[in-house]
Amino acid sequence: KDTISHRTKRKTVLIRHQGWRHGLFGHNWLVDVIEIVNSAGYKAAIWTHEIPGIGHGAKSIHHALSQCCCSDGWYISGDWASDASQAAVILTLGSSAMYCLWSLGFNNAFVLTYPGGQLHVKFKLFPDILVHGPTALRALLLGLPRSAQPRERLTHDVIQAFHGIHNGQGA
């Protein structure tokens with residue numbers, strides 16, 4: 001298994017695109033998140049879905065974002081694992097990517113609940129990693145690096161359990 005370094009952090013926020021609608025239409029939610037990320041002094045790296053639906057692949061996302069976002073405030077990630085290891089924080093909509101991130105030892109991943117869709121519902125047991133609105137996202141980003149840690153014991157234990165399975169120490 002490849003070792004991923006979690007030491008070096010850049011002024012980057014990795015955003016996981018859900019790859020299909022999942023209750024969301026268009027890319028406006030992503031534009032809004034990128035604007036908040038940029039206003040907090042961070043650059044956005046977009047982690048596209050490996051099997052995207054029509055209109056949700058890297059080219060479509062790039063086209064949509066170049067129409068409305070400043071071009072130097074974001075980029076499409078070519079290597080999500082490298083970007084994740086260097087990101088100050090990782091944002092998802094609550095997809096299964098969280099389990100992947102936890103398995104690899106990332107405890108700086110959060111779930112955006114406010115853009116819509118239903119993916120985040122699966123993470124209700126972990127309220128400390130849920131970001132309920134633009135104001136909460138801004139506060140999370142402005143509080144980095146201290147704010148990028150789960151605060152609840154259950155969240156910490158579940159992340160450790162997933163990581164234990166990946167590194168061979170699990171049940």
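Helices (H or I, at least four residues) and strands (E, at least two) are taken here as DSSP runs and are numbered from the N terminus. By this definition, P145 lies in the loop between helix 5 and helix 6. The peptide bond that leads from L144 into P145 is cis, with omega near 5°. In general, most peptide bonds are trans.

The structure is a predicted model, in which local features need pLDDT of at least 70 and side-chain atom pairs count only at pLDDT 80 or more, while totals for chains, interfaces and linings use all residues. Residues are numbered from 1 along each chain as its sequence is written, and side-chain values use heavy atoms, with hydrogens and water left out.

The protein chain contains 6 helices and 6 strands, arranged along the sequence in the pattern β-α-β-α-β-α-β-α-β-β-α-α. Of its 171 residues, 47% are buried, where buried means under 20% relative accessible area, exposed over 50%, and partly exposed in between (1.4 Å probe, protein chains only). The accessible surface of the protein chain is about 8,800 Å², and 55% of this surface belongs to carbon and sulfur atoms. Accessible areas were computed by the Shrake-Rupley method with a 1.4 Å probe; for residues, only the protein chains shown count as cover. Contact is defined as heavy atoms within 4.5 Å. Among contacts in the protein chain with a separation of 6 or more, 68% join residues 24 or more positions apart.

With neighbours within four places in sequence left aside, T12 is in contact with Y42, K43, A45, Y75, A87, A88 and V89.

Two strands are treated as paired if DSSP finds at least two bridges between them. Strand 1 pairs with strand 2 (residues 43-47) in the parallel sense over 5 bridges, and R16 stands opposite W47 in strand 2. Strand 1 also pairs with strand 4 (residues 89-92), again in the parallel sense, over 3 bridges. In strand 4, V89 is the bridge partner of V13, and L91 is the bridge partner of I15. V89 and L91 point one way from strand 4, I90 and T92 point the other way, and all are buried. Strand 4 is in turn joined to strand 5 by 3 bridges, and these two strands run parallel. The bridge partner of T92 in strand 5 is V111.

Helix 5 covers residues 134-142, and its buried residues are L137, L140 and L141. They lie on the same side of helix 5 because they cover an arc of only 95° around the axis, the arc being that of the directions from the helix axis to the C-beta atoms. T135 and L142, on the other side of helix 5, are exposed. The buried residues of helix 5 pack against strand 1, helix 1 (28-39), strand 4, strand 5 (109-112) and strand 6 (130-131). L141 touches V13, I36, V37, A40, Y42 and V89, residues up to four places away in sequence not being counted.

A nonpolar core is a set of buried Ala, Val, Leu, Ile, Met, Phe, Trp, Tyr and Cys residues joined through side-chain atoms within 4.5 Å. The largest such core has 49 residues, and those with the most contacts inside it are I15, L91, L137 and L141. Helix 1 supplies the largest share of this core, 7 residues. In soluble globular proteins, nonpolar side chains tend to be buried together.

The structure holds 1 salt bridge, defined as a side-chain nitrogen of Lys or Arg within 4 Å of a carboxyl oxygen of Asp or Glu. R153 forms this salt bridge with D157, and the closest N and O atoms are 3.4 Å apart. Both residues lie in helix 6 (residues 153-166), 4 residues apart, about one turn of the helix. R153 counts as exposed because its relative accessibility is 58%, whereas D157, at 36% relative accessibility, counts as partly exposed.
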